[in-house]
Every structure is written in C-alpha cells, then in structure tokens.
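Visitor: I am new to this structure. Could you show me how to read its features, one at a time?

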Amino acid sequence: MSRSPRQIHLAAHFPGVNSTTVWTDPASGSQIDFAAFEYFARTAERGLFDYVFLAEGLRLREHKGRVHELDVLGRPNTLAVLAALTAVTDHVGLVGTLSTTFNEPYELARQLASLDHLSGGRAGWNAVTSSDAFHGANFRRGGFLAHADRYERAKEFAALSKKLWDSWDEGEALPRRIRHSGPQFDVDARFDVPRSPQGRPVIVQAGDSADGRDFGAEHAEVIFSLHQDFDAARVFYDDVKGRLAAWGREEDSLKILPGATFVIGDTAAEAHERSREIALQQVRPEQALTYLEQVWGRDLSGYDPDGPLPDVEPDTGAETARGWANRHAAVQARIASLRELSEAEGLSVRELVIRLTAKHTFVGTPEFIAGEIDRYVQERATDGFTVVGHLTPHGLDEFATRVVPLLQERGSYRDSYDEGATLRDLLGLPAAVPAGAAVAQ
Ligand SMILES: Cc1cc2nc3c(=O)[nH]c(=O)nc-3n(C[C@H](O)[C@H](O)[C@H](O)COP(=O)(O)O)c2cc1C
C-alpha cells in the first residue's frame, strides 16, 4: 500500500510594496480599494489556500531624501483590512505582518485576539522585527534598535503575548492577572479579550539571521523564508527544523513556506518569454540604478543602466533609504560580490538587478509548476510556498485556475475546506496549549 503524499500548504501574498509588483501594467488595480483585497481573498479561497498574507511597511519609501514613486505609494492599515476581510470570506486564514519593534504587546495581543474572534479562528500574526531604520522616525521612540536588541524585544513580546492570550483559563469566567516585568516591558494586566477560537493566533516569522531563526524555532508556527532554490530551501529547512528540539517541539509544529514567484505558459518557451517580459517590467532602468544607489549609498544617476557596474567606491558614511546604515565592511563585501557576479556573467547593471530581484521561482507549464511544487514538499525542502503574483489584485487568478487542480490530482492538496476549520487546522498545526498547562520549568 502506498503512503499518502505529504500535504502542500499555500499562502497567498497580496502583492504590494516590493520589486515583484508591477504597477505600470495597465492590468494593475488599486492597493487601497477594498474591492482589490476582497477580489484577492476570494481568489485565494477559490484556490483553497491556507491563508492570505499582508506585508507591512510603516513609512513611505524614500530615496535620496525624497519619497519615491518607483513602487506604490501608500497602503491601508493591516488589521483594518484583515478585519474587513473576515466579512467577505469563510475559510481562508488572514495573516498580517505587525512589527514587534514598533508595537506594544498588550495592545497588539488584544487586536489579534479580536481578529481571531471576528474571523472564527482564522487569524495569524507575522511577527517581524522591521529592519528599516527609517521606520523609527515615525514613532516616539525615534531612531531604531540594534539588531540583537530587536530580537530580544521580539522574544519578550511574543512570550508576553502568549501569557496574555492564555490568561483566560478554560471554563473560567475571569482572566488571571498577568504581572510581567522584563528588560523591555512592564505590564500588570487583566487581558480584556476572552480566549479566542484558536486560543492564540498562528504566529508566523520572517527573518533570516541566526537570531531570527532562533526566534522562529522558539515561537513561530510558520516561517516565511527567502530560500526558494531547491538546495538552499532544503538547507534552511534542516537548519530551522533542527532548532526545534531545543524548545521541545516536533518537526510538524513549524511549517516553512518560502516566497515563490511563478510565470505560467502553454509551453515552456512561452513561459520563459513571458518571464523575460515581466522581469523587464519589474526592473525598469531607473529601478536598477535605485537598487545600486541603495547599496553604494551615493548618487549614481550618471551611470548607464545598460552598462557595467559603477567603478566608484561606496559612501559608507551615508544613511541609505533602506537603513543599511554604516556597516562599512558589509557594504564593501556586498559590492565585491556584485562585481564578481556581473563580471563572471557579463551582466549590465539592469541585468544584474534582474538576476537579484526578478528571477522567477517557477517558470513553465502548469504541469511543470505543479510537479515542482510537489517535489519540494515530498522531498522535504519546504512545506509549501507563499505564492506571490506580480499583479494586484489579479496575480493569483491563473495559479488558482491552472495549477491548483493539478496539485489536487496529485493527491497532495486539499479538495475542499473542512467546515469550521481554523487556520491552525488548515496548516496541520497542533492546538495551542495554554501556558498554565505547559510542563513546569
Ligand atoms: C521574507 C522576509 C519578509 C519580511 N517582511 C517584512 C515586512 O513585511 N515588514 C517588516 O517590517 N519587516 C519585514 N521583514 C524584516 C524582518 O522582520 C527582519 O527585521 C529583518 O529580516 C532583519 O532580521 P534578520 O537579520 O534576522 O533577517 C522581512 C524579512 C524577511 C526575511
């Protein structure tokens, strides 16, 4: 008797502020109008996805001191969008990116618990630490925290959130009082949102350093990773899953869903041709130079995007738009590796940036793409993918229509949602065990 295949998990990333999204395409819609979010979430639900996923940035993108229009300008508040989506969807999970650096645990925990109630157990939280230095200036604290401090704060944030969520014991009319005193937070609280359908929202994590992976191994139930090439994905999978035992966790209590782009064609040749056209839309000449200016920390507008890399040194004293601040050695090393790659392969500025930011993960016929996704999951390189289309809000249409049925035929993807399934159920995660019930330390 053959064993049933491992089940594929899919998340749907609403395309937004990133180089993947093409805003110049006439088919692009709004990233503000609720109709766009509704359309997207309904498509994800049609494709039986585990969840809809929103990224978040807390400041408009700036470049050379000015708000820049190379990508989209502005987006609505994540929790407001997800709350509205609860009313127009029935099954799909709703996961928002919300920073541990720029929020307070009590307030965020009650917002997320509320979303879990409103959605009937479909809420999730992508707990990011926000690397963008510029975000800090929008907050009273100002500036930004050093990398290690951000993860210290994230760990205490997540642990305190869990205590608050767990403070309504099963069957008790009143919550326990939570007294927490730590380096980051002093809270003396009775949590005002009763225990939610999932007990706790599902915690997602995105961050790649050793600190980030440790945070993920301790607290996350899904990791949104960057590692999409098969070999790199498998190395990451083994690394992170290997960290779980230290926290008394099983392999299946954490799912790894790397971001993946896709381009579908009726033939392989057609798909590759489309992929090339989309890459050229994603990285226009001015975007290629902007990318380099953010690495070099200086004005490179005199350089030809179709020519070789600039021969000047970086200005490592300058603060750059993305907050890669003042790390002289790191910037030098990054530039050296970019030079090496472009020289080895004879890449112009634009071709190099296409290689770095617009190399599509899966390009081919629907059969090819379904086969690849299944292979990654069966061979334990991933538990599925966070699928990112290049158009808003129609980026998922073709995937839902043409790839999903083939995954179902393979027996590795659901045919329907179970009635009343929570996000935790969809992901095949264990129930959230209240802190009080945990093994005594
Ligand atoms: C795939 C991925 C997606 C991320 N998305 C966001 C985001 O939407 N908003 C945000 O503020 N930070 C985001 N981050 C930043 C991380 O939370 C973290 O601050 C950053 O990656 C630095 O941590 P690291 O060195 O552990 O990677 C993302 C990081 C990764 C790797």
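Visitor: Is Arg380 buried, partly exposed or exposed?

Guide: The general idea is to ask how much of a residue's surface stays open. Buried means under 20% relative accessible area, and exposed means over 50%. Arg380 has a relative accessible area of 37%, so it is partly exposed. This is a predicted model, and that value is computed from it.

Visitor: Where does Arg380 sit, and what is its phi?

Guide: Start with the general idea. Most residues other than glycine have a negative phi. Arg380 has a positive phi, near 55 degrees. Its place is the loop between helix H11 (366-378) and E14.

Visitor: What phi does Leu48 have?

Guide: Leu48 is not a glycine, yet its phi is positive, about 55 degrees. It belongs to the loop between helix H1 (34-46) and strand E2 (51-54).

Visitor: Is Leu48 buried or exposed?

Guide: Apply the cut-off of 20%. Leu48 has a relative accessible area of 9%, so it is buried.

Visitor: Which peptide bond is cis?

Guide: In general, most peptide bonds are trans. The bond from Thr392 to Pro393 is cis, with omega near -5 degrees. Pro393 is in the loop between strand E14 (384-388) and helix H12 (397-409).

Visitor: How do I read the confidence of the model?

Guide: The protein chain averages a pLDDT of 92, and 94% of the residues score at least 70. Over residues 319-326, the pLDDT is below 50. That stretch still has 23 contacts in the model beyond near neighbours in sequence.

Visitor: Which atoms come close to the ligand's oxygen atoms?

Guide: Look for N and O atoms on the protein side. A polar side-chain atom of Ser209 lies 2.5 Å from an oxygen atom of the ligand. For Tyr151, an N or O atom in the side chain is 2.7 Å from a ligand oxygen. Ala206 uses its backbone: an N or O atom there lies 3.0 Å from an oxygen atom of the ligand.

Visitor: How much of the ligand does the protein bury?

Guide: Taken alone, the ligand exposes 610 Å². The protein buries 80% of that.

Visitor: What else does Thr101 touch?

Guide: Set aside residues up to four places away in sequence. Thr101 then touches Val128, Thr129, Arg141, Leu145, Arg150 and Arg153. Also compare sequence with space. Thr101 and Ala154 are 53 residues apart in sequence, but their C-alpha atoms are 7.1 Å apart.

Visitor: What does the side chain of Ser99 contact?

Guide: Ser99 lies in strand E5. Its side chain makes a polar contact with the side chain of Ser130, at 2.9 Å. Ser99 has a relative accessible area of 1%, so it is buried. Beyond four places in sequence, its contacts include Glu56, Thr129 and Phe157.

Visitor: Is Leu94 buried or exposed?

Guide: Leu94 is also in strand E5. Its relative accessible area is 0%, so Leu94 is buried. Among the residues it touches are Tyr51, Val52, Leu82, Leu115 and Gly124. Leu423 is 329 residues away along the chain, yet the two C-alpha atoms are separated by 8.2 Å.

Visitor: Last one. Which residues of helix H5 are buried?

Guide: Helix H5 covers residues 210-219. Its buried residues are Gly212, Arg213, Phe215, Gly216, Ala217 and His219. In a helix, residues three or four places apart point the same way, because an α-helix has 3.6 residues a turn.

Visitor: What do the buried residues of H5 pack against?

Guide: They pack against strand E6 (123-128), H4, strand E9 (202-205), strand E10 (222-223) and helix H6 (230-242).

Definitions and conventions
Residues are numbered from 1 along each chain as its sequence is written. Side-chain values use heavy atoms; hydrogens and water are left out. A polar contact is a pair of N or O atoms within 3.5 Å; within protein, one must be able to donate a hydrogen and the other to accept it, and residues adjacent in sequence count only if both atoms are side-chain atoms. Accessible areas come from the Shrake-Rupley method with a 1.4 Å probe; for residues, only the protein chains shown count as cover. pLDDT is the predictor's confidence in each residue, from 0 to 100. Contact means heavy atoms within 4.5 Å. Helices (H or I, at least four residues) and strands (E, at least two) are DSSP runs, numbered from the N terminus. Buried means under 20% relative accessible area, exposed over 50%, partly exposed in between (1.4 Å probe, protein chains only).
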